[in-house]
Every structure is written in structure tokens, then in C-alpha cells.
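Keep the model open and follow along, heading by heading.

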Amino acid sequence: MITQRIAALVAGIGAMCGTASVQAVELSAGDWTFSANGNVNVHYIYAACEDAPADILTIGGACTQDADGNDASSTVSNGLLPAALVLGGGTTQKGYDLSVTFGLYPGISSNDGGSPNLQQDAGALGTNVALATTGLDVRQVFMSVARDGMGSFKLGRDFGLFGFDAIINDMTIPGVGVAGAMATGAPANTSLGSIGFGYIYTDTLAQMNYTTPSFGGANLTVGIYDPLNPVLAGGASNKSAPGIHGKLAWAGDLGGLGFYLSSAFITQQQRAVGGPGNNFTSTGFDVYARAELGGLKASAYYYSGQGMGTTGLFVLSDDGAGNERDSDGYLLQLTYPLGNTTLGANYGVSSLDKANHSDAPNLLDENSKLTFGAYHALTPNLTLLFEVSDVETKAHNGASNSGNSANAGAFLSF
């Protein structure tokens, strides 16, 4: 009755690590059932960053030395997934299954620029200072309405469809992957995992979706979402139409192999980017495939977009004058369980094309990374893990930055 993305995530992590499914805390009150689930994770992250950094126009790439020339970083923080507390409630009335979900995602790093303990905007002091606090990331606030034979409607804020299967199946989601902004003296709320290194972050969107009933293991989701303004666009603009996204997914068995296949699309208007009349349409599609045999899991993901940008939705999606940039990328992954320990490797690439010959010569050309990980289920709820990642960022003018990181930590789900 209660469909919660975090519950699916925790179950997926348990399956990857060879543990039993983890059940949410549930209680009943009248006709309603209430639930709570989530996680706390913490990691020690060491990053060796580029000591001769090139000026590359990008958001999210290989880490570089700081202004004082320090090229190594130690951090104690959460990883790709923040800590989470997801609260849900559900009931059945007149044959309709009704549910609500609230997903609260605090990190553990001191990154709240408006800490009440400092009695001022902490921006001038830096965020990772004494008396600072962590921020609260409210990612999910949505309702669901479903009925047998009718399908289901989701209304509210939740994860998007484009890129979702890539991140939810990324082996680094209980860990760190690419350290990203964690490899600084002021850590962000999350690491990158493989974001910007194989897929664009799905993001959480205000949306209205409809999902069909399952037909032979397949279903279709289509919906509209509140259109986003491109990062670095310089301001907000009205959109005459909502963004549109959709996803077709199928799960089944073929000759003893378990398969899951999906494909998603996204499209949205962009208006007055960099000035009046600079309009274009962002479009993207992706394909995800996973096969399982005797515990061995192999997966592949590919995306392509025009005016989609890189790392996040519509980040660096145009040249600042409304000329869209093309982008694509892929992520390959293999995991295998040995007792209670799962070993895995994934390799990802994200590429961004120049809009034209006059576009910024130092624009990101390609992000690539290779991650190896070991994930040990100490108990059904507690996973200990270790990862190493090698990262490279290249620009169109031939400049490059590289770095590597290692992290060890724990992921406790409930």
C-alpha cells in the first residue's frame, strides 16, 4: 500500500550485500498504517587531488588542491546517500489505496550556512567551523492514489524518472564513489557516487505522474513536473508548459536469467537563457539493463541529451546565450557475492560537447572514473564497506585534472 523509494533503496542495498530484506517500522491507528524507515551512514574519506589544477569549466569533477596548495583531504562524512528518515502513512478507502510520504535527509557534515548557534550567516566564517550545524534536505513530500486495475497516481515531490534506475542501482549508493565536494575543507551534503561520471542526477521534482498496471511484467509511467531553471542561467524565467517525463520498465526471466530493462525520457522548455529570445528545448533519453545469474549481477546504462547538460539536470546545458550543448554517457557495473561480502566494480564516463566553435575552450569534455568496492553485511541491517576510486576530468582544450580517493565506513539501515 505504501510505496516509498527509500524502502526500495534499502531493500536493494540488502540484496546487493546478500542480506535479508529489511522491514520498516510500522504501527496501526484506526484504518491507517504508519511507517518509518531510513539509514545512518558515515565514512572516512581520503582524497589525493590534482596538485597542478587546470582551469576547467565544470561542476563536479576530479578534486583539486585548495587555495593554499594543499592537495590531500581527509573527511569524516556521509557518502552518496545522506542519512534518511522517511515517514509514511497509508489506508484503503472505498477501494482506493491512499498513501503519503515525507522523506527527510540530513547529512552529518557541518554545511548549514545559517547555523543558529552562530547567530548569523556563517558564510563569512566558512561552514565547517565550531558551533556550526548540518542542514536538513527535504527531498520527498508526496501522495499516492492507487486501485486494482486502475494503476496509480503520484502527486508531490519525489525523485524523477530520467536517470533514476542508474543511481538506485549504483553500487556506491551506500558508499561514496567519487568524493567530489567531500574532498574539501568544507564538505557538501553528499558525495557524487557516479553522478556526472556515467549519469545525470535524477533530482527530486515537484511532479504529477500516472503509472499503468503491470502488463506481463511491464508498466509505463508518464507525468509532468515543475520546470527547472538552468544552473548558472542568471535568473528565473516563466515557462509556458510544464516539463514532461516518462519511463517504460519490464522485469522478468529469460532462460534462467533474471532481467530488468527500462527506458526513460525527459523534455522541457528553456526560456530567455542569458537574455530575451534565447530559447531552446532540453530533451534526453536513457536505457538501463540488468541481468542476474547465481548472484552475479551485470548492468549497463546509457543516456543521451540535447540541452541536458552534465552532472545535474540542465547544468552547463548551453553556452550562456541559448545555444544548447549535447551530452551523453554510460555506466558499466559488475557485482558478485562471496558469502556475506559483495565485491563490485563500475566504470563510468560522461561527455559534454561544445555548443559551437566559439564556446568556452576550457569547457568540460569528459569525466571518467573507475571504482572498486567491497561491501560486507556484518548483520542484516549493518553493512561495512571499503571503496577506491580513480577519477579524471578533461577539457576540450586538452587540459586535465586527476585524482583518487579511498573510503571506509558503515551503512546502518532500519
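## A glycine to start from

In which loop is G235 found? G235 sits in the loop between strand 9 (218-225) and strand 10 (243-254); helices (H or I, at least four residues) and strands (E, at least two) are DSSP runs, numbered from the N terminus. G235 counts as partly exposed because its relative accessibility is 48%, where buried means under 20% relative accessible area, exposed over 50% and partly exposed in between (1.4 Å probe, protein chains only). From G235 to G79 there are 156 residues along the chain, and their C-alpha atoms are separated by 31 Å.

A word on how to read the values. This is a predicted model, in which local features need pLDDT of at least 70 and side-chain atom pairs count only at pLDDT 80 or more, while totals for chains, interfaces and linings use all residues. Residues are numbered from 1 along each chain as its sequence is written, and side-chain values use heavy atoms, with hydrogens and water left out.

## The disulfide

How many disulfides does the count come to? The count is one disulfide, a disulfide being a pair of cysteine sulfur atoms within 2.5 Å. The partners are C49 and C63, with an S to S distance of 2.2 Å. The link of C49 and C63 is left-handed, with -100° about the S-S bond. The pair links distant parts of the chain, 14 residues apart, and both C49 and C63 lie in the loop between strand 2 (32-48) and strand 3 (72-77).

Are these cysteines buried or exposed? C49 counts as buried because its relative accessibility is 8%. C63 counts as buried too, because its value is 14%.

## The nonpolar cores

A nonpolar core is a set of buried Ala, Val, Leu, Ile, Met, Phe, Trp, Tyr and Cys residues joined through side-chain atoms within 4.5 Å. The largest one here has 36 residues, and those touching the most other members are F162, I167, I195, Y199, Y301, M308 and L313. Two or more residues come from each of strand 4 (84-93), helix 2 (164-168), strand 11 (257-270), strand 13 (296-306) and strand 17 (382-395). Helix 2 gives the most to this core, with three residues. Apart from this core lies another, of eight residues, including I45, A47, C63 and M182.

To see the surroundings of F162, select its contacts (heavy atoms within 4.5 Å). Leaving aside neighbours within four places in sequence, F162 is in contact with residues including I200, A264, I266, F285, Y301, M308 and L313. A166 is found in helix 2, and A166 counts as buried because its relative accessible area is 2%. Not counting residues up to four places away in sequence, A166 touches Y199 and Y301. A166 and D359 are 193 residues apart in sequence and 30 Å apart in space, C-alpha to C-alpha.

## Cavities

Rolling a probe the size of a water molecule over the atoms shows where empty space is left. A cavity is a set of points, on a 1 Å grid over the protein atoms alone, where a 1.4 Å probe fits but cannot get out, and its lining residues have an atom within 4 Å of a point. Grid points are joined across faces, edges and corners, and a volume is the space filled by probe spheres set on the points. The count comes to five cavities of 30 Å³ or more, and the largest cavity has a volume of about 80 Å³.

What lines the largest cavity? Its lining is made of A47, G61, A62, C63, V178, A179, G180, V391, G403, N404 and S405. Strand 18 (residues 400-413) gives the most to this lining, with three residues. The lining divides into six nonpolar, five polar and no charged residues, where Ala, Val, Leu, Ile, Met, Phe, Trp, Tyr, Cys and Pro count as nonpolar, Asp, Glu, Lys and Arg as charged, and the others, Gly among them, as polar.

T311 has a positive phi of about 70° although it is not a glycine. F314 also has a positive phi, near 65°, in a residue other than glycine. T311 is found in the loop between strand 13 and strand 14 (326-338), and F314 lies in the loop between strand 13 and strand 14 as well. T311 counts as buried because its relative accessibility is 9%, and F314 is buried with a relative accessible area of 0%.

T212 lies in the loop between strand 8 (204-211) and strand 9. Leaving aside neighbours within four places in sequence, T212 is in contact with G151, N219 and L220.

How values were computed. On a 1 Å grid over the protein atoms alone, a cavity is a set of points where a 1.4 Å probe fits but cannot get out, and a pocket is an open set with protein on both sides within 12 Å along at least five of seven lines; lining residues have an atom within 4 Å of a point.
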